[in-house]
Amino acid sequence: MSLPLFIEQILNGLQFGVMLFLMAAGLTLIFGVMGLINLAHGSLFMVGAFACAAVAAATGSFWLGLAASLAAAAMAGAVIEILVIRRLYERDHLDQVLATFALILIFSEGTRWVFGSFPLYLDIPPLLTGAASLPGGGQYPVYRLAVIAVGIAVALGLYVLIGRTRLGMRIRAGESDREMIGALGVDIGTLYTLVFALGAALAGLAGAMVGALQSVQVGMGEPVLILAFVVIVIGGIGSIKGALLGSILVGLTETLGRFLLPHLFALILPASEAAGMGAALASMLIYILMALILAFRPRGLFAAST
Amino acid sequence: MNRETLVNALLILGLLAAPFAADAMGEPFYVTLATRIAILALAATGLNIALGLGGLVSFGHAAFFGIGGYAAGILATHAFNAEPLLFGLPGTNQMVSIWLAAVAAAGMAALLIGLISLRTSGVYFIMITLAFAQMIYYFAISWPAYGGEDGLSIYVRNAFPGTNTMRPMSFFLIAAGLLLAGLAFFALLRNSRFGAALQAGRQNEIRLAAVGIAPFRIRLVAFVLSAMMTGVAGALFADLNRFVSPSMLSWHMSGELIVLIILGGVGRLAGPLAGAIVYVLFEFALGGVTEHWQLFLGLVLLCVVLFARGGVVGLLAGRARHG
Amino acid sequence: MKNLLAASILALSAGLAGQAFAEPVKIGMITTLSGGGAGLGIDARDGFMLAIKQSGNKDVEVVTEDDAQKPELAVQIADKMVQSDKVDLLTGIIWSNLAMAVVPSVTAQDIIYLSVNAGPSALAGAGCSPNYFNVAYQNDNFHEAMGEAANKDYKKTFVMAPNYPAGKDSLTGFKRYYKGELAGEVYTKLGQTDYAAEIAQIRASGADSVFFFLPGGMGIAFTKQYAQSGVDLPLLGPAFSFSQDVLPAIGDAALGVKNTASWSPDLDNETSKAFVESFKAEYGRLPSVYAAQAFDTANLILAASAKASVKDKDAFRAALKAADFKSVRGKFSFNTNNHPIQDFYVREVVKDGDTLTNKIVGTAFTDHKDAYAADCKM
């Protein structure tokens, strides 16, 4: 196993983690501010990818598609917040789970109705094709480096937004005391819609960026959704910092586990069996990690104070 | 209270009567459909012990459902091929032995999962139970000995003394009998001192601790009992389909069990039964009408959450929820 | 020319239309019409219904239901179709795990099942049944064909498949005929969508080619990421990842990939050409291999129904087994285990105008039989 290969795998883990962060940030924000479990967050990811693919196919520009994905996901988020989600804030988690589970069914079949059953085409923009040289002689796709950069930029942006702006102040106030900020004259309904749309837009952005790497198809959001939940639970629900660290931890564990475990098993087993055993354990690894962390820190690594 | 008892009685009688009517009209498929309802209702009644009485929202009960199913599949396969299991124990095709094995296996798994998971609460509990179920799911997919993702076929439905289980009506009666036993167990548990403590723990943990009861142990026992009942239902489900596969362990299955309970009414005796009736009938009726049936199923579920709080039973019997 | 072909098909079907069957036939079709895998099921259904429509026969009734790619639901629908709709034949399932859930129990009830796609090894060998006819392939076949074809140009192949039974069968099938050495053998997670880690391993492995089996969205994701990665080793695979249902989503990244199948849109026979034309005319897209297999299945049923009554099981099974129909695959016959004996082709992804499609560049096997027939006792 050479050094460039190892560096490449670490970058892969980082890129995967950053993508998870875009999903997890929205989820954890929505949970932290409104106390809502949103299973339909994966559907917003899918909406972003489909919007990007459709607009890119119509206009020939990935960048217009990217803008469309942000707009479409934010709009879809705002619409479901106003029609459905806002009736759920006062309900218990069970009702939220069922309602957003129903939203998944509606989004998935609705998307299939509009776009048909076959996967859509979406490619990376010409500007970001090709590979960059890594120290040590390796090569790494520019597009994936760009994804990492976008993820870091979003993390910084959120940090500034929440820590330094008026909206962020209201969001933080909303997290700690809902009645109080209502009393201060903040329109809490609008604030919630804004936060939900922001989370949705981040999911849509992730969907569009990932859509260019994989296939744009119905149901693409569900595996990501489960992983994003794992991330926010590991990180501590409601904590953006926890979501960031959780994402990177999960991304690295998943990627390096898939890569290293078969090699480890190969020390004691024949190659073909080792590959199978390693892959089996690798697919369970994230959940094992999560169970271990929760066994020792029942509220995640960076639990919010509430 | 009285009205709810009436609703419960009507639901149970309806489930029992419908297959006889269908059988008389020469429509054996509806007997199969009723059997499916009874089995899913039993699985959800099991979950209702943890979720409805204890407030423990387990998003991983598919694990116990699937473990029960695999217990049936594995024992039946070994009996069919006349191969011994571990430690030279033989397989079996007797339903009663299989149920005991399913109860034991699901209970053991729940004990281990519960010991770790019950240290957490709220959303963390939802997610850690999901994590354990996902572990078992991926294990089942990649474990080649019993078919992996292709699953395991049971060529002949397992046997029950004195009856031919391949007859839809006989198998329905077995499933319905177990469902009634499960409902009776749920009712007894709810009204017992244990049940009172469990429900008190859901509402106010501190008060419970103040009277010297440790909520952890009560919840662990409830979680294990809950898993055992869901495990038996899993074994029946495998016999119904004559097939078991990892999809019984998937998170969609866990979600479906929760949906059944909320649809019917959380913590209510006949809630899971009402939920199973509505869900299975909708799935069946819509599936034949349009290929976009899942969209309409979603709309129906959404309307139930938004406008029919307390589920179907709540709608029929009024709001008051006891316990 | 195209119109002439379509016209001759019409004339042919008009001729058949007058021909009533001894007994009306009711067919139950269970297939995947919703969710992420719906494209395959829709292609199979469309291919099947096209053949029924072209026959113009009023004695055939098809009941179609969506299994949502869930085994339990497929079993429930099968029960309903057998017990309530009283169908004579069942068909349509795309996925092996659903086939394993449905086929053993329905064939045990003496219902005939015809597979339009899945062919798990358990049903080809010891678990074969006189009531089970596979009109598609045995699961190992496409992979075996690639293993054989790869011998010509490659010595050191990197192989990869998802970690589930069909994935393991795939690599077993490939290795059964491939004589070179393996540069690496990797099992991925089922449903995995990011292959950066595997591509890095391929890059570092020193392989001269890559064989992979990743059906559905997994294959789309891998092929795109592979093209973006700058690794330029030749890609080899079974046709599943390069069939007409996924090619538009992969785009130019698929160009030049070699893949193996029993059929290709450019296959040189009259039935196939007419099928491609009429499919395009009816649905406005090119047919995939799933559509072709389903089209053949329907025509096999029609041909058998014209010869024997579906109520006379023995005669009908014999009529099916004779496989006396015009296959889009040219020649087609059944082996002793009711699985096909057919040719397998090597195809290459090319661009025809703006459309990505496949072109036959060689033949891997002629009259190939699967490896399990000897275990089948019937």
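User: What span should H3 of chain C have, at 1.5 Å a residue?
Analyst: This is a predicted model. In it, H3(C) takes in residues 71-83, and at 1.5 Å a residue those 13 residues should span 18 Å. The end C-alpha atoms of H3(C) are 18 Å apart, which agrees.

User: And how many of the residues of H3(C) are buried?
Analyst: 13 of the 13, so H3(C) is largely enclosed by the rest of the structure.

User: How far does H9 in that chain reach, first C-alpha to last?
Analyst: H9(C), residues 217-229, reaches 18 Å, close to the 18 Å expected for its 13 residues at 1.5 Å a residue.

User: Which residues of H9(C) are buried?
Analyst: Among them are Gly217(C), Met218(C), Ile220(C), Phe222(C), Lys224(C) and Tyr226(C). Twelve of the 13 residues of H9(C) are buried, so this helix is largely enclosed by the rest of the structure.

User: What comes just after H9(C)?
Analyst: Gly230(C), with a positive phi of about 85 degrees.

User: Is Ala323(C) buried or exposed?
Analyst: Ala323(C) counts as buried, because its relative accessibility is 8% and the cut-off for buried is under 20%.

User: What about Asn338(C), what phi does it have?
Analyst: Asn338(C) has a positive phi of about 60 degrees, and it isn't a glycine either. Look for Asn338(C) in the loop between S11 and strand S12 (340-352) of chain C. With 2% relative accessibility, Asn338(C) counts as buried.

User: Switching to chain B. At what angle do H2 and H6 pack?
Analyst: H2(B), residues 28-53, and H6(B), residues 168-191, pack at an angle of about 20 degrees, with their axes 9 Å apart. That makes H2(B) roughly parallel to H6(B). H2(B) passes H6(B) in a left-handed crossing.

User: What classes of residue make up that contact?
Analyst: The contact of H2(B) with H6(B) has 21 nonpolar, five polar and one charged residues.

User: Ok, and how do H2(B) and H9(B) pack?
Analyst: The angle between H2(B) and H9(B), residues 215-241, is about 165 degrees, and their axes are 6 Å apart. H2(B) and H9(B) are therefore roughly antiparallel to each other. The crossing of H2(B) and H9(B) is left-handed.

User: Which residues meet there?
Analyst: From H2(B) there are several, including Thr32(B), Arg36(B), Ile39(B), Leu42(B) and Ile49(B). On the H9(B) side, the residues include Phe223(B), Met229(B), Val232(B) and Phe237(B). By class, the contact of H2(B) with H9(B) divides into 15 nonpolar, six polar and one charged.

User: Where is Val7(B)?
Analyst: In helix H1 of chain B, residues 2-24. Val7(B) is buried, with a relative accessible area of 11%.

User: What does Val7(B) contact, leaving aside neighbours within four places in sequence?
Analyst: Val313(B), Leu316(B) and Ala317(B). Val7(B) and Val313(B) are 306 residues apart along the chain, yet their C-alpha atoms are separated by 7.3 Å.

User: Now between chains: how do H9(A) and H5(B) pack?
Analyst: H9(A), residues 221-235, and H5(B), residues 122-142, pack at an angle of about 125 degrees, with their axes 10 Å apart. H9(A) and H5(B) are therefore oblique to each other, and their crossing is left-handed.

User: Which residues are involved?
Analyst: Ile226(A), Phe229(A) and Val233(A) in H9(A) meet Tyr124(B), Met127(B), Leu130(B) and Gln134(B) in H5(B). By class, this contact of H9(A) with H5(B) has six nonpolar, one polar and no charged residues.

User: Last one. Where's Arg91(A), and what does it touch?
Analyst: Arg91(A) is in the loop between helix H3 (62-83) and helix H4 (93-115) of chain A. Not counting residues up to four places away in sequence, Arg91(A) touches Gln96(A), Val305(B), Leu306(B) and Arg309(B).

User: Buried or exposed?
Analyst: Arg91(A) is buried, with a relative accessible area of 10%. Also, Arg91(A) and Gly35(A) are 56 residues apart in sequence and 9.8 Å apart in space, C-alpha to C-alpha.

Conventions:
Residues are numbered from 1 along each chain as its sequence is written. Chains are lettered from A and ligands numbered from 1 in the order in which they are written. This is a predicted model: local features need pLDDT of at least 70, side-chain atom pairs count only at pLDDT 80 or more; totals for chains, interfaces and linings use all residues. Side-chain values use heavy atoms; hydrogens and water are left out. Axes are lines fitted to C-alpha atoms, for helices over the stretch in contact, and angles run from 0 to 180 degrees between N-to-C directions. Helices (H or I, at least four residues) and strands (E, at least two) are DSSP runs, numbered from the N terminus. Angles under 35 degrees count as roughly parallel, over 145 as roughly antiparallel, 65 to 115 as roughly perpendicular and the rest as oblique. A crossing is left-handed if the near helix is turned anticlockwise from the far one by less than a right angle, and right-handed if clockwise. Contact means heavy atoms within 4.5 Å. Ala, Val, Leu, Ile, Met, Phe, Trp, Tyr, Cys and Pro count as nonpolar, Asp, Glu, Lys and Arg as charged, and the others, Gly among them, as polar. The expected span of a helix is 1.5 Å times one less than its number of residues. Buried means under 20% relative accessible area, exposed over 50%, partly exposed in between (1.4 Å probe, protein chains only).
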